[in-house]
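Colleague: Could you take me through this model? I would like to begin with the overall fold and then turn to particular residues.

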Amino acid sequence: MGLSAEAKSTLIRDYRRSDGDTGSVEVQVALLTTRINELTDHFRTHRKDHASRRGLLKMVGKRSSMLKYLSASDRERYRDLIGRLGLRK
């Protein structure tokens, strides 16, 4: 259910701020968003998978707090990121 290594490296390459950047807020939020979208599709067929649903809720909370941090620290990067990811905020 996790991301493949190729998909993960593609996401990191697309959202990194500089060469060698793998831990910036943009990269972390992009990875979380991809995992959240995959789990959302999973729940369309497996409605009673409550253990994974708990993990999904934890990921959504983590992404929310990262976006809140980015919004407070650099508003322009925040707007750019949610625009690129298609998030409604």
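Predicted model: local features only at pLDDT ≥ 70, side-chain atom pairs only at ≥ 80, totals over all residues.

Colleague: What percentage of the residues count as buried?

Modeller: The figure is 33% of the 89 residues. Buried means under 20% relative accessible area, exposed over 50%, and partly exposed in between, with a 1.4 Å probe and protein chains only.

Colleague: Which residues of H1 are buried?

Modeller: They are Leu11, Ile12 and Tyr15. These residues lie on the same side of H1 because they cover an arc of only 100 degrees around the axis; the arc is that of the directions from the helix axis to the C-beta atoms. Ala5 and Glu6 are exposed on the other side of H1. The cover over the buried residues of H1 includes H2 and H4.

Colleague: And which are buried in H4?

Modeller: In helix H4, residues 75–85, the buried residues are Tyr78, Leu81, Ile82 and Leu85. Their arc around the axis is only 90 degrees, so they are on the same side of H4. Glu76 and Gly83 are exposed on the other side. The buried residues of H4 pack against H1, H2 and helix H3 (50–73). Glycine 86 follows H4 and has a positive phi, near 75 degrees.

Colleague: Which members of the largest nonpolar core touch the most other members?

Modeller: Of its 22 residues, these are Tyr15, Val29, Leu67, Leu81 and Leu85. H1, H2, H3 and H4 each supply at least two residues of this core, and H2 gives the most, with 9 residues. A nonpolar core is a set of buried Ala, Val, Leu, Ile, Met, Phe, Trp, Tyr and Cys residues joined through side-chain atoms within 4.5 Å. In soluble globular proteins, nonpolar side chains tend to be buried together.

Colleague: What is leucine 85 in contact with?

Modeller: Leaving aside neighbours within four places in sequence, leucine 85 is in contact with Tyr15, Val29, Ala30 and Thr33. Contact means heavy atoms within 4.5 Å.

Colleague: Changing topic, is serine 24 buried or exposed?

Modeller: Serine 24 counts as buried because its relative accessibility is 11%. Its place is in the loop between helix H1 (5–15) and helix H2 (25–45). The side chains of serine 24 and aspartate 21 are joined by a polar contact of 2.9 Å. A polar contact is a pair of N or O atoms within 3.5 Å; within protein, one must be able to donate a hydrogen and the other to accept it, and residues adjacent in sequence count only if both atoms are side-chain atoms. Not counting residues up to four places away in sequence, serine 24 touches Tyr15 and Arg17.

Terms used
Residues numbered from 1 in each chain as written. Heavy atoms only, no water. Helix = DSSP H or I, 4+ residues; strand = E, 2+ residues; numbered from the N terminus.
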